[in-house]
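I opened the model to look up a few residues and the overall build of the chain. My entries follow in the order I made them.

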Amino acid sequence: MLIGTVVGNVWSTVKDPTLTGLRFLVIRPFTLDGKPSAETLVAADPLGAGIGERVLVVFGRAARHAIGRGQDVGFQTAVSAIIDRMELEDGRTIGPVAAQ
């Protein structure tokens, strides 16, 4: 599982039939030092997150469960929550969007 910020959308007209109707988002992992991660990943989004929002991303079986199409879905990364707020051990509070 990881926390990240939605930085883009992915559109595809040709895809595995089990993915029909799913939205895909480009997610940049959250870093504690505040520097942007050089990595990104693509996650299915059954919740409707938007660009700039912080999300919780899950993998594997948890992702297939979040997508809600059983074990035969052709994707293993999914948004499982849109984050309202995070409190870190150093006392920092992180808001729901990257600007906070």
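**Entry 1: Val79.** I looked up Val79 and found this residue in strand E5 (residues 77-82); helices (H or I, at least four residues) and strands (E, at least two) are DSSP runs, numbered from the N terminus. The model is predicted: local features need pLDDT of at least 70 and side-chain atom pairs count only at pLDDT 80 or more, while totals for chains, interfaces and linings use all residues. Residues are numbered from 1 along each chain as its sequence is written, and side-chain values use heavy atoms, with hydrogens and water left out.

Val79 has a relative accessibility of 0% and counts as buried. For this I took buried as under 20% relative accessible area, exposed as over 50%, and partly exposed as in between (1.4 Å probe, protein chains only). I then listed the contacts of Val79 (contact means heavy atoms within 4.5 Å). With neighbours within four places in sequence left aside, the partners include Leu25, Ile27, Ala43, Asp45, Val55 and Ala66. From Val79 to Ile67, twelve residues apart along the chain, the C-alpha separation is 8.3 Å.

**Entry 2: Val55.** I went to Val55, one of the partners of Val79. Val55 sits in strand E4 (residues 54-59) and is buried, at 0% relative accessible area. Not counting residues up to four places away in sequence, Val55 touches Leu2, Ile3, Gly4, Val6, Ile27, Ala49, Val79, Ala81, Ile82 and Ile83. I noted 8.9 Å between the C-alpha atoms of Val55 and Asp84, which are 29 residues apart along the chain.

**Entry 3: Asp45.** Is Asp45 buried or exposed? I found Asp45 buried, with a relative accessible area of 3%. Its place is in strand E3 (residues 41-45). Beyond four places in sequence, Asp45 is in contact with Arg23, Leu25 and Val79.

**Entry 4: Ile3.** Ile3 belongs to strand E1 (residues 2-10) and is partly exposed, at 27% relative accessibility. I listed Pro29, Phe30, Val55, Leu56, Ile83 and Met86 as residues it touches, not counting those up to four places away in sequence. Ile3 and Val58 are 55 residues apart in sequence and 9.0 Å apart in space, C-alpha to C-alpha.

**Entry 5: cores.** I next looked for nonpolar cores, meaning sets of buried Ala, Val, Leu, Ile, Met, Phe, Trp, Tyr and Cys residues joined through side-chain atoms within 4.5 Å. The largest has ten residues, among them Leu19, Phe24, Val58, Ala63, Ile67 and Phe75. Another core lies apart from it, with nine residues including Leu41, Ala49, Val57 and Val79.

**Entry 6: whole chain.** Along the principal axes, the C-alpha atoms fill a box of roughly 45 × 25 × 20 Å. Buried residues make up 34% of the 100 residues. Of the contacts with a separation of 6 or more, 53% come from residues 24 or more positions apart.
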